[in-house]
Amino acid sequence: MPVAEHSVQDSTVDKTAQPSSEQPTIYILDTNVLIHDPTALLNFEEHHVAIPMTVLEELDKLKSGRNTLAADCRQAIRGIDQILGGATSEEVESGVAIRRGEKSEPLGTLSILMSQAPDNVAVLPTHLNDNKIINDICLLKKQYPDKRVVLVTKDINMRLKARGCGIDSEDYHNDQLVSDIELINKGFVEFTGSFWDSIESVETEADAGYAYHRVPRCDRLQEVYPNQFVLDEQGFVGQVVEITNDSITLKQLDQQSLLEQEAWGLKPRDIYQAMALHLLMDPDIHLVNLVGSAGSGKTILALAAAIEQTVTTKTYRRIIATRSTQGLDEDIGFLPGTEEEKMEPWLGAITDNLEALHYDDEDCSGSVDYVLNKVPLMFKSLNYIRGRSFQHSLILIDESQNLTPHQIKTIVTRAGKGSKVVCLGNLAQIDTPYLSATSSGLTYLTERFKGFEYGGNIQLQGVPRSLLAEYAEANL
């Protein structure tokens, strides 16, 4: 496999592993990388990207169907074809220049890894596709010892096997915006003691019953974003409404009023839930991310706010509820009934919390049935959301920590005029094999939208569900 020469300066995969300028780099992409991000082959700058034949075969097997996995496979195949479509067989093997636009200069090359290791020289048994890919890379390294070859895969076990065979291997980090989950934007900044002790000067003005404070940036306020909250131990709560290079404008909120606000009979139990409910009930906020441990109140807050705004205030016409769960793409087709009936078992958290909102009623089941008949609550599968446009809807995405950045983009872009998207998730409970807390679509969305003027997020604290749930979260 002849490979085009490249100078190597930087890699979007791993900034810590930088080859020298005299050592060309070939990145071999695994199937799970192209499923995770179908546009991944465009993200390696001036380097050479190679796709093993085994990967193309796996994409071909997975491309059929209406599920999100199949759609991602088809998009990846189209992307490869767009670059290699008009090339000769020799060019496909040696490398075709990657263009990212009609007027842009080509950067990097793409090829298909045609050379396959025969059984008599294979390093690993050839009964597994992962082993075939590793064997082919070993053969490639022997053919081109002067070039650095790197396997890019999201499969930890495959990375371990590759390293055992002397192959450099890395995770795909292009859409990973934080290296440590503790660095994720929490949606609020807490001050010990009094917030005002750290402020040198302030300009205050009143408007529509609220006090607005313009304060200079201090050390703790260097990285603040729209709709973040500032709170202290003295009871001050401020919402960031304007940011300049030198100052920040805070809208002062009354903590007691926040704690007394109500949505469909539900009141927040602590200041973090109160801030979350404030964002959920604000019609000017179009995207809300709620991150928190199991039992922190994410779903019940979102559901109460959704019902309040569809039944009482009529801000939205309907509620669209969906979620990601391992096995959903395959299992939904085997369940009986319509799409909504198929989705109902997966969205039990919605109906459970609906019962919790009415458990004090004289007839809880009658109240739930009344709400389900009164509220235009629709359960939708992720498989059928592509291509849709939801107008004047409140879209609840539960378990969104299991979505890839590409999948969450697909869902959020379905929001039409007058719609609001609410993403709920627990980054400590990821069920998807190739995702981690730092690479989750929920983390990606939170970081990408932290500067969005019409978005907000809150990392809920504690486990108000029960003493048992709180202890289990901390000790199990």
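**Notes on the predicted model**

1. The protein chain folds into 16 helices and 18 strands. Please keep in mind while reading that this is a predicted model. Of its 476 residues, 53% count as buried. The accessible surface comes to about 22,200 Å², and 48% of that belongs to carbon and sulfur atoms. Among contacts between residues at least 6 apart in sequence, 68% join residues at least 24 apart.

2. In soluble globular proteins, nonpolar side chains tend to be buried together. The largest core here has 45 residues, and Ile307, Leu396 and Ile458 touch the most other members. Helix 9 (residues 298-312) gives the largest share of this core, with 9 residues. Apart from this core lies another, of 41 residues, including Leu59, Leu151, Val152 and Ala162.

3. Ile307 deserves a look of its own. Not counting residues up to four places away in sequence, Ile307 touches Trp264, Thr312, Ile319, Leu354, Leu357, Val371 and Val375.

4. Where does Thr153 lie? You will find Thr153 in the loop between strand 5 (148-152) and helix 6 (156-164). Thr153 counts as buried because its relative accessibility is 0%, which is under the 20% cut-off. Its side chain makes a polar contact of 2.8 Å with the side chain of Asp30. Leaving aside neighbours within four places in sequence, the contacts of Thr153 include Asn32, Val33, Met158 and Arg159, as well as Glu170, Asp171 and Tyr172.

5. Two of those contacts, Glu170 and Asp171, return among the salt bridges, of which there are 8 by count. Side chains of opposite charge can pair when their charged atoms come close. Arg148 and Glu170 meet at 3.5 Å, N to O. Arg148 belongs to strand 5 and Glu170 to strand 6 (residues 168-170), so this pair ties together parts that are 22 residues apart in sequence. Both Arg148 and Glu170 are buried.

6. Lys154 and Asp171 form another salt bridge, at 3.0 Å, N to O. This pair links distant parts of the chain, with Lys154 in the loop between strand 5 and helix 6, and Asp171 17 residues away in the loop between strand 6 and strand 7 (188-191). Lys154 and Asp171 are both buried.

7. Lys267 and Glu260 also form a salt bridge, with their closest N and O atoms 3.3 Å apart. Here Lys267 is partly exposed, at a relative accessible area of 38%, and Glu260 is partly exposed too, at 42%. Elsewhere, salt bridges that share partners join Arg148, Asp168 and Glu170 into one network.

8. Asn457 and Asn227 are 230 residues apart in sequence, yet their C-alpha atoms are 8.1 Å apart in space.

9. Finally, a check on the backbone. Most residues other than glycine have a negative phi. Lys314 has a positive phi, near 60°, and sits in the loop between helix 9 and strand 14 (318-323). Lys314 counts as exposed, at 59% relative accessibility. His392 also has a positive phi, near 50°, in the loop between strand 15 (377-379) and strand 16 (393-398). With 25% relative accessibility, His392 counts as partly exposed.

Methods: Residues are numbered from 1 along each chain as its sequence is written. This is a predicted model: local features need pLDDT of at least 70, side-chain atom pairs count only at pLDDT 80 or more; totals for chains, interfaces and linings use all residues. Side-chain values use heavy atoms; hydrogens and water are left out. A nonpolar core is a set of buried Ala, Val, Leu, Ile, Met, Phe, Trp, Tyr and Cys residues joined through side-chain atoms within 4.5 Å. Buried means under 20% relative accessible area, exposed over 50%, partly exposed in between (1.4 Å probe, protein chains only). Helices (H or I, at least four residues) and strands (E, at least two) are DSSP runs, numbered from the N terminus. Contact means heavy atoms within 4.5 Å. Accessible areas come from the Shrake-Rupley method with a 1.4 Å probe; for residues, only the protein chains shown count as cover. A polar contact is a pair of N or O atoms within 3.5 Å; within protein, one must be able to donate a hydrogen and the other to accept it, and residues adjacent in sequence count only if both atoms are side-chain atoms. A salt bridge is a side-chain nitrogen of Lys or Arg within 4 Å of a carboxyl oxygen of Asp or Glu.
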